[in-house]
Amino acid sequence: ALYGPGVSSGVVHFISKSPIDFPGTTVELIAGQLKTYGATVRHALASKNKKFGFKINAQYRKGDEFTLDGSEGTTSPAGVFTSQLSKFKKQVTNPIINNTGVVAANQTGATVLLTTADLDPDGDGNMMQNDWYNASVNATLEYRPKSDTKIVLSGGHNQGSNVFYNAQGEGRQSGLEYWTQFRVQKGGLFAQMFFVDNDGGTGKNSTFLYQTGNRTPIGRKQMEGQVQYNFGVAKFLNADFTFGMDYRNAISNTEQMVYGRNENDDDFTIFGGYAQGKFELAKKLDLVLAGRYDQFNFFDKGAFSPRAALVFKATPNHSFRASY
């Protein structure tokens, strides 16, 4: 109930090293097969009174890609072999969208984004990109005015490019992303919000399918926030209470090149609140009661999710749980 819908497989929360607790400089160099190489640098500073900290991270990775070599393909019932590479277009275009909101059948006059020279710079006839890369840089500022208070502001930039395979065939994925996060924790209060803006691939750095030659961007903007408060009431069954709210607004933009006529219906918004209480019924027996209510933009009604559990801790290493 605390973590919202869609978390039946668990929750993983990554918190990177604090510049106040871990100042200094770290350098990492990697190299390997497929001409893989990369470097990462982290530099962190902290004030003498341990109230302010600043860090910056930068990373670059590059390597050769597993691609088709011409031996792959299909064979017709008559025994005629067609190489997969021969199905690839020689250029990539920004497709024309017709008046029904889908990619038009006639693409005469579509804007060319990548030419044969761009797709096949070595001239070997293979249009498929033969390498991958990713790069990122981010910075974090941390402030601790008191021992129980932490305020963190972070932001960064990511970009990359790689080959992918899906039900529509082979493609290349590229994109630029910017993000920022603000987080504060004071005693039992925790709050954070973040914003991500990914362009989904544009211009020379477009995401596209090789067999259609059409650009297939999936740009997204996502804003999310959480606030949670936890406190205990020892006089009332040694109770422990947690209250919180979640908000997520994920906006997709494929310019009608992927979602087509459904372009205006692909946004996802959810708002929810929850409460949980744990009560000590006996020395080894706890009762946990929880519930949350969520409102989704694509449903007419909200969803209420109650939960109750009895937990008997027979020994420090063994417990029995009955839940509903």
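Modeller: Start with a definition. Ala, Val, Leu, Ile, Met, Phe, Trp, Tyr, Cys and Pro count as nonpolar, Asp, Glu, Lys and Arg as charged, and the others, Gly among them, as polar. Keep in mind that this is a predicted model.

Biologist: How is empty space found?

Modeller: Rolling a probe the size of a water molecule over the atoms shows where empty space is left. In this structure there is 1 cavity of 30 Å³ or more. The largest cavity has a volume of about 30 Å³.

Biologist: Which residues line the largest cavity?

Modeller: The lining is made of Y133, Q159, G160, S161, S174, G175, L176 and N205. Two elements give two or more residues each: β9 (149-166) and β10 (169-186). Now apply the definition. The lining residues divide into 2 nonpolar, 6 polar and no charged.

Biologist: Let me try E177. Where does E177 lie?

Modeller: E177 lies in strand β10.

Biologist: Is E177 buried or exposed?

Modeller: The cut-off for buried is under 20% relative accessible area. E177 has 14%, so E177 is buried. Its side chain makes a polar contact with the side chain of R220, at 3.4 Å. Neighbours within four places in sequence aside, E177 is in contact with several residues, among them G156, H157, V196 and D197.

Biologist: How many salt bridges does the structure hold?

Modeller: There are 11 salt bridges. In one of them, the side chains of R144 and D21 meet at 2.8 Å, N to O. R144 lies in the loop between β8 (131-143) and β9, and D21 in the segment before β1 (24-32), so the pair ties together parts that are 123 residues apart in sequence. R144 is buried, at 18% relative accessible area. D21 counts as partly exposed, at 45%.

Biologist: Which residues are linked in a network with R144?

Modeller: D21 and E142 are linked with R144 in a network of salt bridges.

Biologist: Show me another pair.

Modeller: Take R215 and E255, whose side chains meet in a salt bridge at 2.9 Å, N to O. R215 is in the loop between β12 (208-209) and β13 (219-233), while E255 is in the loop between β14 (239-253) and β15 (268-282), 40 residues apart. R215 counts as buried at 4% relative accessibility, and E255 as partly exposed at 33%.

Biologist: What about R292?

Modeller: R292 forms a salt bridge with D246, with the closest N and O atoms 3.0 Å apart. R292 lies in strand β16 (residues 285-296) and D246 in strand β14, so this pair ties together parts that are 46 residues apart in sequence. Both R292 and D246 are buried.

Key:
Residues numbered from 1 in each chain as written. Predicted model: local features only at pLDDT ≥ 70, side-chain atom pairs only at ≥ 80, totals over all residues. Heavy atoms only, no water. 1 Å grid on protein atoms, 1.4 Å probe; cavity = no way out; pocket = protein on both sides within 12 Å on 5 of 7 lines; lining within 4 Å. Points joined across faces, edges and corners; volume = space filled by probe spheres on them. Helix = DSSP H or I, 4+ residues; strand = E, 2+ residues; numbered from the N terminus. Buried < 20%, exposed > 50% of the residue type's maximum accessible area, 1.4 Å probe, protein only. Polar contact = N/O pair within 3.5 Å; in protein donor to acceptor, adjacent residues only side chain to side chain. Contact = heavy atoms within 4.5 Å. Salt bridge = Lys/Arg side-chain N within 4 Å of Asp/Glu carboxyl O.
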